[in-house]
Amino acid sequence: MVHLWLRAETKPKEHRAALTPNSCKVLIQNGFQITVEKSTQRTLNDEEYEREGCTLVPSGTWKNAPSDAYIIGLKELPENDTSPLSHSHIFFAHCYKNQDGWQDVIRRFVQGNGILLDLEFLTDEKASSLTNIYCDFSIDLYLGRRVAAFGYHAGFAGTALGLCVWAQQQIRPGEKYPSVDHFPNENDLITHVKDQLNKAIGIKGYTPRIMVMGALGRCGKGAADFARKVDIPEENIIKWDLEETKKGGPFPEILEADIFVNCIYLNQKIPPFLTKEMLDLQRKLSVIVDVSCDTTNPNNPIPVYTGNTTFGNPTIAVETKNAHPLDVIAIDHLPTLLPRESSEQYTTDLLPTLLELPNRDTARVWIDAEKLFREKASLIDS
């Protein structure tokens, strides 16, 4: 019997879950054992899981789980803990693209003889037909398309927050954007953004132009879809993808948009989209939404700011020689703006792969995930 242990998320304002009560119901019907850590932060409440037959345990007790249990979550493990990891873990570790501290993360698994099965790298057959360096947020040129991704909701939420920040720049110029909380559903989010946007358009006298980089991927489609849902005209949604970017950056066209939403998946060094010097020029651009959040990646294509932002502190003001403001949103878990809907969509897509865990030794997705971990583990400094 495969035992999945859903750990409680500890990242501030992370309200999503790697397993929903609906997905747990299906897994239990297929012979899985599901343990769920209690959580007051998760939007899906404990009682919903209990009704589907899950066993509830205190938050943060996953280290005491049976040795054969898979510890499943979404975001990073609790901070300030460097102890060895002995279980098989399934989550987004953000350590396979040379991010800051990547060796420290992998070293914990090596020291504890555990295994990392990274959700970001659970992929289907190789997407070998892709040749452009600016690819889909949910595709890796060398690995294939992810079996499940939050990309659509990341782009969707990114445009929502980008429009809210742009609106505030018009309504309350010079005032820093406040802390953001999640919304119970898509309709409430759309209503809120429409209200702010209409006020801003009344002051500014025009509707903002939004440029989406990586527009044909899941993330880019989500970004464009949200713009449409709040009545941004199609001609104001500039959609760039493979054809438009084949010449390589920088791209001065970005400066002509009011809001730039970056939805690419970065897997190699590329010319920057923007440079700091470009921002000193005359421009309309006043909001950058870096959905991809490659801030600690040495190949970051938007090297005009440093450090991620958070839902508690959503924006970074970029200093330029231009009097026109420029705020950057770089939140690395944007889909939690709509935690219930994004969790349901994600786990629905992930479920067929989870159902292959009883045959992990022969299931290609899981074989490849473990192989990739072993390759990365062999690269860390001893």
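How do strand β1 and strand β4 pair, and over how many bridges? Strand β1 (residues 3-6) and strand β4 (residues 70-72) run in the parallel sense and pair over three bridges. Here, helices (H or I, at least four residues) and strands (E, at least two) are DSSP runs numbered from the N terminus, and two strands pair if DSSP finds at least two bridges between them.

A quick note on what you're looking at: this is a predicted model, where local features need pLDDT of at least 70, side-chain atom pairs count only at pLDDT 80 or more, and totals for chains, interfaces and linings use all residues. Residues are numbered from 1 along each chain as its sequence is written, and side-chain values use heavy atoms, with hydrogens and water left out.

**The parallel sheet**

- Strands β1 and β4 belong to an open sheet of six strands with parallel pairing, in the order β3-β2-β1-β4-β5-β6.
- β3 (55-57) and β6 (115-118) each have a single partner strand, so one side of each has no neighbour in the sheet.
- On average, neighbouring strands here are turned by 25° against each other, direction ignored; axes are lines fitted to C-alpha atoms, for helices over the stretch in contact, and angles run from 0 to 180 degrees between N-to-C directions.
- Look for Trp 5: its bridge partner in β4 is Ile 71.

**The mixed sheet**

- Another open sheet of six strands goes β10-β9-β11-β12-β14-β13, and its pairing is mixed.
- Its edge strands, β10 (237-240) and β13 (315-317), each pair on one side only.
- Neighbouring strands of this sheet are turned by 20° against each other on average, again with direction ignored.
- Helix α4 (residues 151-171) packs on the sheet and touches β9 (210-213), β11, β12, β13 and β14 (327-329), where contact means heavy atoms within 4.5 Å.
- The direction of α4 makes about 160° with that of β12.
- Strands β11 (residues 259-262) and β12 (residues 287-290) pair in the parallel sense over four bridges, and Val 261 has Val 289 as its bridge partner in β12.
- Thr 315 sits in strand β13.
- Thr 315 counts as buried because its relative accessibility is 5%; buried means under 20% relative accessible area, exposed over 50%, and partly exposed in between (1.4 Å probe, protein chains only).
- Leaving out residues up to four places away in sequence, Thr 315 touches Val 165, Lys 176, Tyr 177, Thr 309, Asp 327, Val 328 and Ile 329.

**Helices α3 and α9**

- The buried residues of α3 are Trp 102, Gln 103, Ile 106, Arg 108, Phe 109 and Gly 112.
- What covers those buried residues includes β5 (88-91), β6 and α9.
- Just after α3, Asn 113 takes a positive phi of about 65°.
- Leu 372 lies in helix α9 (residues 364-377), and it is buried, with a relative accessible area of 11%.
- Leu 372 and Leu 117 are 255 residues apart in sequence, yet their C-alpha atoms are 8.6 Å apart in space.
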